[in-house]
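Subject: Structure for you to look at

Hello,

Here is the structure I said I would pass on. Please open it first, then read the notes below with it on screen.

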Amino acid sequence: MSDDLSNTGKRDDIRISGSQEHEIRYWSEKWGVSTSILKQAVSEAGPLVKNVESWLRENNHLKS
C-alpha cells in the first residue's frame, strides 16, 4: 500500500519514516541538516521525532 501524501495527521508529527523520501526531505529542511545526517539520526535514535531531534542536538547538528 502506498503512502497517501494528502493524509497527514498526528502520526506524521511524531515519527519519521526513514524509507519515505518525502519525509526525509521535509525533516532535513526543517532542521537544516543533510538527508544523510537525518538518515543516520533516524537509524541511531529511532523514528520518534523527539529522539531524532535530541540526537541531532547531542551530535552538534542543531543549535541548543
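Start with S28, which has 5% relative accessibility and therefore counts as buried, the cut-off being under 20%. Please keep in mind that this is a predicted model. S28 is found in helix α2. A polar atom of its side chain lies 3.1 Å from the backbone oxygen of R25. Apart from neighbours within four places in sequence, S28 is in contact with V33, S34, T35 and L38.

Next, the nonpolar core. Which residues touch the most other members of the largest nonpolar core? They are I16, W27, W31, V33, L38, V52 and L56, out of 14 residues in that core. Two or more core residues come from each of α2 (21-31), α3 (35-45) and α4 (49-58).

Leaving aside neighbours within four places in sequence, I16 is in contact with E23, I24, W27, W31, V42, P47, V49 and V52.

Last, helix α4. The buried residues in α4 are V49, V52, W55 and L56. Viewed down the axis of α4, these buried residues fall within an arc of 125°, so they line one face of the helix. Just after α4, N60 takes a positive phi of about 60°.

Regards

Key
Residues are numbered from 1 along each chain as its sequence is written. This is a predicted model: local features need pLDDT of at least 70, side-chain atom pairs count only at pLDDT 80 or more; totals for chains, interfaces and linings use all residues. Side-chain values use heavy atoms; hydrogens and water are left out. A nonpolar core is a set of buried Ala, Val, Leu, Ile, Met, Phe, Trp, Tyr and Cys residues joined through side-chain atoms within 4.5 Å. Buried means under 20% relative accessible area, exposed over 50%, partly exposed in between (1.4 Å probe, protein chains only). Helices (H or I, at least four residues) and strands (E, at least two) are DSSP runs, numbered from the N terminus. Contact means heavy atoms within 4.5 Å. A polar contact is a pair of N or O atoms within 3.5 Å; within protein, one must be able to donate a hydrogen and the other to accept it, and residues adjacent in sequence count only if both atoms are side-chain atoms. The arc is that of the directions from the helix axis to the C-beta atoms.
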